[in-house]
Amino acid sequence: MDDEKKALEASAAAGSGTVRPFSESQPPVEPSADLKSHNVEVDKTETSEADDEEEDLYRPLLMDSGIAHEENPLTIRAVVIGCVLGSLVCASNLYLGLKTGFTFSANMFGAIFGYGVLKLLEKGKLPIISGAFGPQENSIVQAAATGAGGTGGIFVAAIPAMYRLGVMGEGHSPRDDIGAIFTITLVASFIGLFYVTPLRKFFIIQVARELKLMFPTPTAVALTIRSMHAGAAGSIDAVKKLKCLAICFIGSLVHRVGSYYAIGILYDWHVFTWIHIWSGYTSWAMNIESWGWYFEWTPAFIGSGILIGLNPAISMFAGSVMAWAIIGPALVHYGECIGLQASDDPKWDGYYNFASLSQLGKRTPSPRYWLLWPGVMVMVCSSMAELFVQYKAIWAGLRSVWGQSCSGINSYLTSRGKSSPFFAKHAHQTKDENLVEDPFPPEQQVKTWMWALGLLVALVVGMIIFHFQWDTHPGLTILAVILAFLFSFLAIQIGAVTDTTPLTAASKASQLIFGAATSHSGYTIQHAQKINLVAGALASGGADMATSLVSDFRTGFLIGTSPIKQWIAQSIGSFVSVWLGPGLFVLFTSAYPCIWKPFTEEEEAAGAHCPFLVPSVSAWAAVAQAVTDPKVSIPLKSGIFAIVMGVVSIIQVVVRHFWLVGPREKYRRWLPNWGAIALSWVIPAPVFANAALLGAIIAALWRKYNMRTWDIYGYAVAAGFIAGEGLGGVVGAILTLAGVDGYTKGSMIACPADSC
């Protein structure tokens, strides 16, 4: 327990952030990477159970005695500021998710930036927006921010995948279907919010100690909030963090917008194109360029590298070398895959496109399609293996659920003057030394009728919407909700121990289940694919929202914020994101149609360029095709390689969990991160791995030589870079729609085939 506390307090000083690749909340990182950067351990499978005499992190935190009582932390200003900050993260997540598959949590960004904004308002004289500001109101800001920033997942995966597979109807665009997109977002968000609400007490209070549910990132957020409100010293460090975050945010935003107009100089450094030009247009350099080997000065991915640490960053880079410097070129050399000439201009001879996904089944595939299947297989296998090695915790959780249910029934019967030996025997008995009382009285809890009525309405509305707008049988909608609940239970429990929520496995598992549910049922291939994707979006989206809410409950429990106030704040934030997410999706898809409408073969041959690689979309679409369309085949050698690599990733999880323990545990840090490797296989370019590796190296050197400044500024730099570039992407989409973007008004100098 003492080690856990030190880890989390150190993490809070820098601000632990959660990185979410494939928009499914599962970091391709050692889950405690940010904690381990402070020379402490939070194990992926176990945490210390030793008692801490100073402070028990399974109970509410001891706050500074000078903090005034907060009568009502749920203020208009806190909710509005939280929604605004969450909206910035939502916009950033949509841009980054479409580009790379990564999304980022808004909780720490909202906590730090919210502190700065409300501190400025605190000393004003205006009603409503001025007045004292304390840690509980700070937790309301981050709760609203988390809700407003949390719906990007379905817009960078399932929804665009439907358009790419042509299941939305001939000629349909996201703008045409904006109503249907709004409704699926509404259902996916609020079903998860409602069904997980009654589990707050179970996860946060009743079994937290028993199952070692530490919730590393939410706890780090709570500790950060406490440290910022801890007298003068805390305020000084908080102001430093805020200034750093603001400078990095604005700098990243300005850089991204400015780079559109000289992208080959300010953003993308195509070194091999430069060599090609300087050497008199020889083709060997363009062969290397064709595989994506250039450097991109992307603040977002340099920032993500700062967060994720050296192991996953090196794993990503190694995966890129394997895929795009060894396996891919070998496949082309031996005729297993082909590339398409990317330019008809003779001076660009040797420049090829190796990432085409058109004409599947009609010609030799591209290396991108061949490598997609091993990437998806490793993601699913490693995630599922991580899930199953937690069988003790899962079994303990199921036993606790059964015990708590029996206890509740037994208490109800006893209050009525009745008894049941069966329920009395199986009622959960909590040991006195582990007893944690809920500090919040009933009037501060979420009322049963609120979540129960909300769940009933959301379920009925969901069945109606999914039936009429998405052609999904009500029974399949109920199945999706049940899967969402089961995945939520597992994701919350695993994430609370490891800081890694296995939604990658959950989403793919839901697609496989619905593939089986719709097979031999008379559905057309397109109809089955639509059901597969929309049901998968509901299951993973609901589980994602449920995980976020329980994480917020954990932060509020530690800070002392009543559950009903946090629930309302996140509900309002989620409602904002229901409208914001689809609107931003339409904005991006209107500016860049290649997101939802792949290039034709003629456009690819003409050198058409899309700034978004949409790796999550490709993965979701590939799985949907594989389980519904008998004509879509996986290349035999790709399938064999996928199986072998999947088995290897499972073996590593087993070895790490069962053999690298005790004195051998120190060797875990040297194991490759297979989630990160698989991500590099799915993203058809090593450019993001290059940038992430640079960020990780910067962070490692920074921590080594100046830990004090890292503690203050580390996360602020990363968060500012990430959010700034994401918002810059939104500005870029607006400039494109206005016809004044870099492609029409800027220069493409130093770009291959005059296009970056």
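**Exercise 1. Which residues are linked with Lys99 in a network of salt bridges, and where do Glu296 and Lys99 lie?**

Step 1. Lys99, Glu296 and Glu725 are linked in a network of salt bridges, a salt bridge being a side-chain nitrogen of Lys or Arg within 4 Å of a carboxyl oxygen of Asp or Glu. The model is a predicted one, in which local features need pLDDT of at least 70 and side-chain atom pairs count only at pLDDT 80 or more, while totals for chains, interfaces and linings use all residues. Residues are numbered from 1 along each chain as its sequence is written, and side-chain values use heavy atoms, with hydrogens and water left out.

**Exercise 2. How many residues apart are Glu122 and Lys119, and how many residues apart are Asp471 and Lys530?**

Step 1. Glu122 forms a salt bridge with Lys119, with the closest N and O atoms 3.2 Å apart. Because they are three residues apart in helix 4 (residues 107–122), about one helical turn separates them.

Step 2. Asp471 forms a salt bridge with Lys530, with the closest N and O atoms 3.5 Å apart. This pair links distant parts of the chain, 59 residues apart, with Asp471 in the loop between helix 19 and helix 20 (474–498) and Lys530 in helix 22.

Step 3. Asp471 is partly exposed at 38% relative accessibility, whereas Lys530 is buried at 11%.

**Exercise 3. At what angle do helix 9 and helix 22 pack, and which residues of helix 9 take part in the contact?**

Step 1. Helix 9 (residues 216–228) and helix 22 (residues 525–559) pack at about 35 degrees, their axes being 8 Å apart; axes are lines fitted to C-alpha atoms, for helices over the stretch in contact, and angles run from 0 to 180 degrees between N-to-C directions.

Step 2. From helix 9, Pro218, Thr219, Val221, Ala222, Ile225 and Arg226 meet Ser551, Arg554, Thr555, Leu558 and Ile559 of helix 22, contact meaning heavy atoms within 4.5 Å.

Technical notes
Helices (H or I, at least four residues) and strands (E, at least two) are DSSP runs, numbered from the N terminus. Buried means under 20% relative accessible area, exposed over 50%, partly exposed in between (1.4 Å probe, protein chains only).
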